[in-house]
Number of protein chains: 2
Amino acid sequence: MTITIKDVAKKAGTSTATVSKVMNSSYSISQPTIDRVKAAMEELHYRPNLQARNFARKSTQAVIFATQLGQNIGFTNPHMFEMMSGLEQALTNKGYTLIVKNITAEGIHEYIQNAVETKMADGLVIHASVISKELDELIYKNAIPHIVIGKPDFYNHFCWIDVNNSFAGELAARHLLEKGYQSLAYIGGTEEDKISMHRLEGIFSVLQERDVIVPRDYVQRGESLCDSGYFMTEALLKTHHKPDAIICANNNIAYGCVHALHDNNMNIPKDMAVLTFDDYPFSKILKPMLTVVNIDVYDMGVQEG
Amino acid sequence: MTITIKDVAKKAGTSTATVSKVMNSSYSISQPTIDRVKAAMEELHYRPNLQARNFARKSTQAVIFATQLGQNIGFTNPHMFEMMSGLEQALTNKGYTLIVKNITAEGIHEYIQNAVETKMADGLVIHASVISKELDELIYKNAIPHIVIGKPDFYNHFCWIDVNNSFAGELAARHLLEKGYQSLAYIGGTEEDKISMHRLEGIFSVLQERDVIVPRDYVQRGESLCDSGYFMTEALLKTHHKPDAIICANNNIAYGCVHALHDNNMNIPKDMAVLTFDDYPFSKILKPMLTVVNIDVYDMGVQEG
DNA sequence: TTGAAAGCGCTAACAT
DNA sequence: ATGTTAGCGCTTTCAA
């Protein structure tokens with residue numbers, strides 16, 4: 001029924017080995033033979049069976065992206081999908097296939113072990129939200145090809161990459177100080193929000209280095225929501241000495257911040273500078289261009305390749 | 001090196017066929033043999049090679065989700081990832097694997113053809129944003145197992161599912177009218193936003209059925225953004241006869257709407273009812289609970305299974 | 001109830 | 001430069 005390498009070989013009057021060699025353009029085959037084989041392939045509409053090929057080659061040409069999905073994840077964690085998209089792109093370029101797998105930190109050890117033992121994929125990309133110490137051990141002991149996206153928060157042997165949020169924070173602070181702003185405020189997520197905390201750390205390190213003192217109420221914490229950004233900004237405006245620049249932990253917050261300033265008739269950046277970290281979607285919607293420390297999460301996915 | 005079915009057979013003193021039969025619990029094997037084989041598998045830590053199994057069975061146990069990814073997609077299309085997550089869930093339950101593939105409407109025909117011919121997957125899930133007439137033909141002629149997510153906007157043979165947005169609109173309108181609201185306004189996306197348009201259609205059909213006349217300025221169009229919702233709401237508040245209920249096309253818009261009402265000191269739902277369509281994230285952040293026509297996009301993905 | 005053996009479709013030594 | 005052949009690891013008919 002389906003055309004196999006045998007059919008092609010027969011039609012071309014060669015052996016299957018020769019056909020294989022032509023396909024993989026390895027070994028030396030004479031031009032006439034190549035032509036005959038190619039003609040036969042055309043004529044028969046031959047398409048090699050990838051499964052058979054990979055099986056014979058003992059490779060899968062696939063990479064598993066293990067992360068926590070579940071309801072509302074599309075809304076709560078766009079960054080992850082952004083990375084996933086970048087990853088897919090990179091893998092495609094290298095002829096790999098992306099398998100997406102939903103898993104929890106509890107289940108991952110078993111899953112990965114099984115995936116590796118049953119040879120489901122050649123490599124793994126693991127979101128930091130689902131790693132564990134046992135997983136570290138498993139991966140280390142078995143030398144499983146992997147990469148963790150996001151910095152692990154415990155001692156480990158993982159190979160990981162992350163956006164250097166602390167550094168981004170430093171950049172942000174330096175930039176503002178260099179522009180002449182004196183008193184920087186930060187409105188960020190909760191203490192659990194590591195990204196926000198890292199950005200704050202970076203900012204602090206710069207301010208300390210320059211002996212700038214930050215009033216307690218210059219650092220506000222809240223949810224990563226439009227509204228929360230709004231309220232935190234209003235809180236800042238009520239402080240004794242108003243700051244002259246606000247660094248927002250992320251875009252949701254920045255959104256609310258801009259709103260609040262607008263409602264208070266404050267001009268950006270004249271009355272108040274506003275800075276945030278991700279480009280999207282500000283490039284499109286904000287008339288007063290905010291300063292943006294652009295971090296390419298998509299690109300982070302691409303780097304995995 | 002790796003333990004194969006042969007090793008198990010040897011250790012259990014049987015043939016590989018028997019081992020295979022034990023694994024697939026088909027055919028009749030005596031209990032003692034089953035025990036021996038299982039013991040051998042345990043002892044050797046045998047793990048069947050899935051690639052080999054699928055190859056022999058001529059199946060891949062994989063489904064490709066073809067959609068358009070690319071930069072910022074995580075932010076612009078959370079719904080899609082929501083569906084993807086549901087899909088993954090459903091596939092996992094059936095022992096299938098989800099392959100995610102980025103593709104455009106231009107490239108999909110070639111990709112799918114290739115994917116099918118080279119036997120990359122057993123089935124396809126295709127996002128409506130990348131379908132085309134040629135694809136329809138290809139899939140129809142070759143009887144390729146598939147499902148399109150989202151309603152195609154041209155005559156076709158696709159097997160597709162979609163959220164019935166028009167019906168959701170009807171529900172919304174009926175609900176409000178039954179609660180005693182008289183003049184319904186709609187703030188929605190642009191004309192290109194099909195979801196928004198379908199919801200509006202549903203609303204109109206109910207209003208027409210009851211001979212309710214809708215003033216022109218009761219239907220506002222804008223971007224699917226927080227800000228846009230804000231401005232559209234303010235526009236509504238400036239109309240001659242203010243409406244007593246606002247239906248928002250989606251949550252971004254609803255977000256801005258609530259804000260605007262708040263800024264205008266209007267109480268929800270006393271002064272104005274607000275209704276929107278997706279649950280998330282209102283369940284968490286809004287004190288005055290909005291009425292929500294909950295559409296489970298995640299579940300839509302699950303249905304694919 | 002079990003086993004022998006012929007594949008699945010391709011690759012890769014090894015020979016020629 | 002080309003062909004022979006033995007796999008890859010599992011399934012599945014067919015016979016015993």
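This is a predicted model: local features need pLDDT of at least 70, side-chain atom pairs count only at pLDDT 80 or more; totals for chains, interfaces and linings use all residues.
The most comes from α4(A), which gives 5 residues. By class, the surface near DNA strand C has 13 polar, 12 nonpolar and 2 charged residues.

Helix packing was examined within chain B. Two packed helices are described by the angle between their axes and by the distance between those axes. Helix α1 (residues 5–12) of chain B packs with helix α3 (residues 31–44) of chain B at an angle of about 125 degrees. Their axes are 9 Å apart. Because of this angle, α1(B) is oblique to α3(B). The crossing of α1(B) and α3(B) is right-handed. On the α1(B) side, the contact is made by Asp7(B), Val8(B), Lys11(B) and Ala12(B). On the α3(B) side, Arg36(B), Val37(B), Ala40(B), Met41(B), Glu43(B) and Leu44(B) take part. By class, the contact of α1(B) with α3(B) has 6 nonpolar and 4 charged residues, and no polar ones.

Chain A was also considered by domain. The domain assignment gives domain 1 (5–48), domain 2 (62–162) and domain 3 (165–295) of chain A. The centres of domain 1 and domain 3 of chain A, taken over C-alpha atoms, are separated by 64 Å.

Notes. Residues are numbered from 1 along each chain as its sequence is written. Chains are lettered from A and ligands numbered from 1 in the order in which they are written. Axes are lines fitted to C-alpha atoms, for helices over the stretch in contact, and angles run from 0 to 180 degrees between N-to-C directions. Helices (H or I, at least four residues) and strands (E, at least two) are DSSP runs, numbered from the N terminus. Angles under 35 degrees count as roughly parallel, over 145 as roughly antiparallel, 65 to 115 as roughly perpendicular and the rest as oblique. A crossing is left-handed if the near helix is turned anticlockwise from the far one by less than a right angle, and right-handed if clockwise. Two residues are in contact if their C-beta atoms, placed from the backbone, lie within 7 Å. Ala, Val, Leu, Ile, Met, Phe, Trp, Tyr, Cys and Pro count as nonpolar, Asp, Glu, Lys and Arg as charged, and the others, Gly among them, as polar. Domain bounds come from an automatic or database domain assignment.
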